[in-house]
Amino acid sequence: MNKVRKKLGIDNLHLNGIKGSNVNIAILDTGAVAHPDIENNIVTFKDFVNGNQELYDDNGHGTHIAGICSGNGNMSDGLYRGIAPETGLIILKVLDENGIGKEDNVVEAVRWIAENRNKYSIEIVNISFGSDSDKLLTITKSIEYLWNIGLIVVASAGNNGPDVDSITAPGNSKKVITVGALENNEIVRINNRRVRDYSGRGKLNEYKPEVIAPANKIVSCNSNYNVSAYSRKSGTSMATPIVSGGIALYKSIYHNCSNQKIKNELCKSCKNMNMDINRQGYGMIDIFKFIYK
């Protein structure tokens, strides 16, 4: 995360006191543990998989995502601090120990967000997972409902590239902000496969994903932090909370902006990386420019 923050100018924003305060992000994932870097950020937890009351993460993916969004870096003297360290987290477990989710559980979590968004001041929804679009049509429609009622939904492009039209649902929705991987040629291990140029692509001549962000070898919170405080993961899953955190920084200043205006401003501030538009969308996020436009 230190390299990501430096690349995106995040440390300068933090020095100016812009840390995402008074903004809450709902993370739909495998849960989270009370890692010292994020435990004070967690507003509430709800388990749609096993119905447990106590905070947990039996996979580790969700804890890593939460740390990218909002980790304060306490266990690394700030080195692996996240993007928006003062942002609140609503942890919703919808994926099991294998990182697999059932449609009904995700739809129930989405319904819960709609019903509780005012109670928990939810403004941003982070979705770092996806699957075949034919299987997730119901999920996509339910998540589009969140966008329609004013929430900002940020979803991963998936790791099924480089084929055309390989973005996973719900990232293939026209309404949500979809995030691809910045890196192109570096070989990394994702889901026990060694891959490169894996980022999901939209249809030809389509600005989808809308943006790209760093995705490879991201160091963030490890769920088994008593053994090792941090772990390294790669994929569009990791790029997504970088964007969610950046939007939280923006929302902490510009409180009343609509989700569509934020999407437009985010895209306008991107740096063109000279990739196909169905690979990069509008380009690499520039959070500093996004905020100080």
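Helix H6 (residues 236-251) gives the largest share of the lining of the largest pocket, 3 residues. The model is a predicted one, in which local features need pLDDT of at least 70, side-chain atom pairs count only at pLDDT 80 or more, and totals for chains, interfaces and linings use all residues. Residues are numbered from 1 along each chain as its sequence is written, and side-chain values use heavy atoms, without hydrogens and water. Helices (H or I, at least four residues) and strands (E, at least two) are DSSP runs, numbered from the N terminus.

The volume of this largest pocket is about 960 Å³. Its lining comprises 35 residues, of which His61, Gly99, Asn159, Asn191 and Ser237 are the closest to the centre. A pocket here is an open set of points on a 1 Å grid over the protein atoms alone, where a 1.4 Å probe fits, with protein on both sides within 12 Å along at least five of seven lines; lining residues have an atom within 4 Å of a point. Volume is the space filled by probe spheres set on the points, which are joined across faces, edges and corners.

Helix H6 also meets helix H3 (residues 61-70): their axes come within 8 Å and cross at roughly 35°. Axes are lines fitted to C-alpha atoms over the stretch in contact, with angles from 0 to 180 degrees between N-to-C directions. In this contact (heavy atoms within 4.5 Å), His61, His64, Ile65, Ile68 and Cys69 of H3 face Ser237, Met238, Pro241, Ile242, Ser244 and Gly245 of H6.
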